[in-house]
Amino acid sequence: MGFFDKIKDFFKRLKEDNKYMARTTARINGKNLYGYVNYRTGKIDPNEDFRNLSYVNVENGTGIIYNSGDEDYNFVAGDIVTFKHIGDGHPVNGGNDAAGNRIKLPTWRFQVEFKDGKKTTMDINLKKLDEFKSVFQL
């Protein structure tokens with residue numbers, strides 16, 4: 001592979017990785033963000049069902065796992081077969097206080113398995129946990 005082919009390939013990958021950037025940013029800044037999916041930094045494991053540092057929203061009774069480079073994964077009540085608490089999660093951003101400081105909201109981490117066999121961890125905002133459980137009948 002020549003130098004220009006490498007550059008062309010790099011920009012193609014960059015375009016794909018940022019395919020859904022505007023939509024992702026709007027969702028993160030909205031009020032429907034419930035937490036993170038596969039929250040861990042480091043090398044991406046190609047065997048994972050969902051990309052590291054993805055997000056989970058609930059919109060009109062449908063759960064959405066998303067990030068800036070992949071198609072949405074939608075789920076509804078009855079699609080989650082395992083929802084097991086495994087510890088504290090990474091805090092989610094809760095906006096800014098009056099002094100302009102970032103507010104961090106605590107989360108709990110859950111091991112989640114869907115009826116299609118996909119597995120992940122979710123860090124769900126504790127303020128929205130009861131609503132999440134109610135929507136998905138957990």
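How many bridges join strand S5 (residues 80–88) to S8, and in which sense do the two strands run? Seven bridges join strand S5 to S8, and the two run antiparallel. The legends below take up this pairing and several other details of a predicted model, in which local features need pLDDT of at least 70 and side-chain atom pairs count only at pLDDT 80 or more, while totals for chains, interfaces and linings use all residues. Residues are numbered from 1 along each chain as its sequence is written, and side-chain values use heavy atoms, with hydrogens and water left out.

**Figure 1. Overview of the protein and its elements.** The protein has three helices and nine strands, where helices (H or I, at least four residues) and strands (E, at least two) are DSSP runs numbered from the N terminus. Starting at the N terminus, the order of the elements is α-α-β-β-β-β-β-β-β-β-β-α. Of the 138 residues, 33% are buried, a word that stands for under 20% relative accessible area, with exposed meaning over 50% and partly exposed in between (1.4 Å probe, protein chains only). Among contacts (heavy atoms within 4.5 Å) with a separation of 6 or more, 50% come from residues 24 or more positions apart.

Figure 2. Two strands pair if DSSP finds at least two bridges between them. Four residues lie between the strands in the hairpin of S8 and S9, where Gly117 takes a positive phi near 95°.

Figure 3. Side chains of opposite charge can pair when their charged atoms come close. The structure holds four salt bridges, each defined as a side-chain nitrogen of Lys or Arg within 4 Å of a carboxyl oxygen of Asp or Glu. One of them joins the side chains of Arg109 and Asp123 (2.6 Å, N to O). Because Arg109 lies in strand S8 (residues 107–114) and Asp123 in strand S9 (residues 119–125), this pair ties together parts that are 14 residues apart in sequence. Arg109 also stands opposite Asp123 in S9. Arg109 is partly exposed at 21% relative accessibility, whereas Asp123 is buried, with a relative accessible area of 0%.

Figure 4. The side chains of Asp70 and Arg51 form a salt bridge (3.2 Å, N to O). Asp70 belongs to the loop between strand S3 (62–66) and strand S4 (73–75), and Arg51 to the loop between strand S1 (33–37) and strand S2 (54–59), so the pair links parts that are 19 residues apart in sequence. Asp70 is partly exposed at 28% relative accessibility, and Arg51 is partly exposed with a relative accessible area of 24%. Another salt bridge brings together the side chains of Glu48 and Arg40 (2.6 Å, N to O); Glu48 is partly exposed at 27%, and Arg40 is partly exposed at 32%.

Figure 5. Leu53, in the loop between S1 and S2, has a phi near 65°, a positive value in a residue other than glycine, and with 36% relative accessibility Leu53 is partly exposed. Asn60, in the loop between S2 and S3, is not a glycine either, yet has a positive phi of about 55°. Asn60 is exposed, with a relative accessible area of 83%.
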